[in-house]
Amino acid sequence: MCGIVAYVGRKIAQPLLIEGLKRLEYRGYDSAGIAVLDQKGQMHIRRAVGRISVLENAINTHAHPLPEAHIGMAHTRWATHGAPTEVNAHPHCDDGGHIAVVHNGIIENYSVLKKFLSEKGHTFSSQTDTEVLAMLIGDLYLELKAKNHLAKGASLLQRAVQAALHEVEGTYGIAVVCKDEPDTLVVARKGSPLIIGVGDDEYVVASDASAIVEHTQQVIYLNDNEMAVLKPSSFKTCTIDDMEISPVITQLEHKLEEYELGEYEHYMLKEIFEQPNAIKNCLRGRVEQREGRIVLGGVSELTKQLVSARRFILTGQGTAWHAGLVGDYLMEDLAKVVTECQYASEFRYRNPLVEENTVVVAISQSGETADTLAALREAKDKGATALGVVNVVGSTIARETDAGIYLHAGPEIGVASTKAFTCQCVVLTMLATYLGRRKFMSQTQCQEMIDGLCAIPEQMKRVLEQSDVVKDITNKFCERENWLFLGRGYHYPVALEGALKLKEISYIHAEGMPAAEMKHGPIALIHEGMPVVFIATKGSQYDKVISNIEEVRARGGVIIAIATENDANIRRYSDHVVYVPDVLEPLQPLLSVVPLQLIAYHAAVARGCNVDKPRNLAKSVTVE
């Protein structure tokens, strides 16, 4: 949620900050703002409700242009405390105008702090928890200044921020500037990601690498309870307890061009069509087809523990949870191990039973999902072995797990996840096959799975070639406000994912469920002309799905079937058919989900929705 970008260095800050905000807009876009400090220490702030373009216009039409400052910070907001209004937009200042703060996260005890500060005579103008933090830092700064309390090697701003963070409860990724220290930028994190890009006498700080990659490939990932004090020609990192730490500078995984839109109209469409290459990258170096084996270097040191595990818990939220549910089927089918998939947001509060020899697998595209991270920590505290399945290298989940497998899907900018889902399913397929081969699976079965995986990218291209067919079908029904997505077995999670995609970006109400569950209540919703999408590929439950289709047809529903190539029979029962190649049943979700992604995309375009930035949603959910 929310996007932060900050800069200190030799360049003019404003254009760099605005460009960074544009790259972070998928993280939050209710409102936006920018603050810069000129060389005299004067604070200049502009804020606006709406997209970054609205902020740009506010800056350009303001009576007083922003100065050519070399330090500043900017923020794009996803509202939590307080409505999306200009007064609630970041940056926030203390009432003396000394301190400005941008913040991602939630200060849980803000009301107590606000009461304390109000009693001291401070006046608040917004409804946000962030203004309370700015006011607290400002109050402590003035106290320290009055006492001339300056420890050797530390700025007053650093000390004030440290003191304030000891008083707050909750999560934060913050950047702070002070008019009395116009060359100093202080940043800190706990629970919300912050990355420091290290340049030549300059530093770019952001919530996401996409705002940094244009300026440098060298970065420092802050850990929880860590902070940095940045000046154009120096930096230091320490804990909020002032324990100095040696930063580890690493190389960003992706290049600038990978973040560009290119020839596509929307990032979501680009990422749907990138899936064949994303899967190739996910498989590369891990599947040795000739030798018929899977090599998972990221978990190799824990192989004995994984093979002997009595239970696997897969956890995530949203699309990642759906991938985990596919993984549930895969692990029990291929690895023959007791597995369950749980919503991270529920798992963390249940006082869950975690027996000996339990493995928890945290699934998250960003590696920063707050609920998933909390569930992971809860399971680790109870003695579970922790694995991560994430896309973003250096993310918090990746750093806190005992081992893990990166997706290598490339940057995913569209809020509605697509290529991350299919790569998560690929990773879980490899993991299940890897464990199954070490337990009972024959070499022939293993080779069959590997050959099937390696064929998926080219088979997926054949599905993507039908985008116009899917578009024509979708356009016939995109004004319908209620859809059903039904599937059995491996396709139950796919039905859930198809319904979620349609809801996310086209704002059509849709439900996904097991096809057999329809008779136990939801069949009452079926009416004349209602679109019902069936995943009806050839498999162990094909005949049962045909029976479910008949039940919907009898009540006037319109049948859109996702079926196996050369299945002529399905046309007898369906109004519209989209075909996918015939593959092994455990691999079918990788292909059957693609037409559902395209349905959602084309519906959103036809309805005039903002495909990449759907209302009320943000890409990385880093708050509860």
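Predicted model: local features only at pLDDT ≥ 70, side-chain atom pairs only at ≥ 80, totals over all residues.

Me: How are strands held in a sheet, and in which order do the five strands of the open sheet stand?

Reply: In general, the strands of a sheet pair through backbone hydrogen bonds, either parallel or antiparallel. Here five strands form an open sheet with parallel pairing, in the order 19-18-20-21-22. Strand 19 (338-343) and strand 22 (403-406) are the edge strands, since each pairs on one side only. On average, neighbouring strands of this sheet are turned by 20° against each other, direction ignored.

Me: Which helix packs on this sheet?

Reply: Helix 11 (residues 370-381) does, and it touches strand 18, strand 20 (358-364) and strand 21 (385-390). The direction of helix 11 makes about 165° with that of strand 20.

Me: How many bridges join strand 18 and strand 19?

Reply: These two strands pair in the parallel sense over six bridges. Within strand 19, C341 stands opposite L314.

Me: Let us turn to a single residue. Is I313 buried or exposed?

Reply: A residue counts as buried when its relative accessible area is under 20%. I313 has a relative accessible area of 1%, and therefore it is buried. I313 lies in strand 18 (residues 311-316). Leaving aside residues up to four places away in sequence, I313 touches E340, Q342, F347, T358, V359, V360 and V361.

Me: How should I read the angle between two helices, such as helix 7 and helix 14?

Reply: An angle over 145 degrees counts as roughly antiparallel. The axes of helix 7 (residues 275-283) and helix 14 (residues 443-464) cross at roughly 175° and come within 8 Å. Helix 7 is therefore roughly antiparallel to helix 14.

Me: Which residues of helix 7 meet helix 14?

Reply: They are Q275, P276, I279, K280 and L283; on the side of helix 14, the partners include L453, C454 and I456.

Me: Finally, what span does helix 18 have, and how many of its residues are buried?

Reply: Helix 18 (residues 588-606) has 19 residues and reaches 28 Å from its first C-alpha to its last, close to the 27 Å expected at 1.5 Å a residue. Of its 19 residues, 17 are buried, so helix 18 is largely enclosed by the rest of the structure. Just after helix 18, G608 takes a positive phi of about 75°.

Technical notes. Residues numbered from 1 in each chain as written. Heavy atoms only, no water. Helix = DSSP H or I, 4+ residues; strand = E, 2+ residues; numbered from the N terminus. Buried < 20%, exposed > 50% of the residue type's maximum accessible area, 1.4 Å probe, protein only. Contact = heavy atoms within 4.5 Å. Axes fitted to C-alpha atoms, helices over the stretch in contact; angles between N-to-C directions. Parallel < 35°, antiparallel > 145°, perpendicular 65-115°, else oblique. Pairing = 2+ DSSP bridges. Expected span 1.5 Å × (residues − 1).
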